[in-house]
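This report describes the fold of a single protein chain for a reader who works with coordinates. The sequence and the model come first, and the description follows.

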Amino acid sequence: MARMTESDTRRALVRLEADDEADAEELDRLARRLRAELGELDVDLRAVPGEVPDGAKSADPVTVGSLMVAFSAAGGVFPGLVETLREWLGRQAGRHKITMTIDGDTVELERATSAERQQLIDAFVQRHG
């Protein structure tokens, strides 16, 4: 990757939040797979350090599955990053989600599309309405 100057570099905090049934080992495996896929993009990755709380059944997703992703503001890298995250989520069996924060603005990405969520809401209203 070409060395980015500070002025053309954007940073995103990407957090993997595994579903409630995932234990620390599963979360670690998911985080490694996500990091490997993001590593194929034209970005710089840095793990965000953290610790598993004493006595915790599973790790805190913010500490284990967090990455700082630095990328060029130019060249269309950001749309590719978002698409990679969405595609990765779509291939996972669990109901995981990824949050991405840039300059204090956070978006949550989940496996279900907005159309699928609307279909679920419509079906629920029909059943109970």
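## The annotated span

How far apart do the end C-alpha atoms of residues 17–44 lie, and what share of the span is helix or strand? The distance is 21 Å, and the span is 54% helix and 11% strand, where helices (H or I, at least four residues) and strands (E, at least two) are DSSP runs numbered from the N terminus. An unreviewed UniProt entry places the feature "coiled-coil region" at residues 17–44; UniProt positions are given in the numbering used here, feature names are shortened, and such annotations may be inferred rather than shown by experiment.

## Basis of the model

This is a predicted model in which local features need pLDDT of at least 70 and side-chain atom pairs count only at pLDDT 80 or more, while totals for chains, interfaces and linings use all residues. Residues are numbered from 1 along each chain as its sequence is written, and side-chain values use heavy atoms, with hydrogens and water left out.

## Sheet and helices

The protein chain has 4 helices and 5 strands, which follow the pattern β-α-β-α-β-α-β-β-α along the sequence. The 5 strands form an open sheet in the order β2-β3-β1-β4-β5 with antiparallel pairing, two strands being paired if DSSP finds at least two bridges between them. At the edges, β2 (43–47) and β5 (105–110) each pair on one side only, and the twist averages 25 degrees from one strand to the next. Here axes are lines fitted to C-alpha atoms, for helices over the stretch in contact, and angles run from 0 to 180 degrees between N-to-C directions.

Strand β1 (residues 9–17) is joined to strand β4 (residues 97–102) by 5 bridges, and Leu16 stands opposite Ile98 in β4. Helix α1 (residues 24–38) packs on the sheet, touching β1, β2, β3 (66–72) and β4, where contact means heavy atoms within 4.5 Å; its direction makes about 160 degrees with that of β2. Helix α3 (residues 77–90) also packs on the sheet, touching β1, β2, β3, β4 and β5, and its direction makes about 160 degrees with that of β4.

Of the 129 residues of the protein chain, 31% count as buried, meaning under 20% relative accessible area (1.4 Å probe, protein chains only).

Definitions and conventions: Buried < 20%, exposed > 50% of the residue type's maximum accessible area, 1.4 Å probe, protein only.
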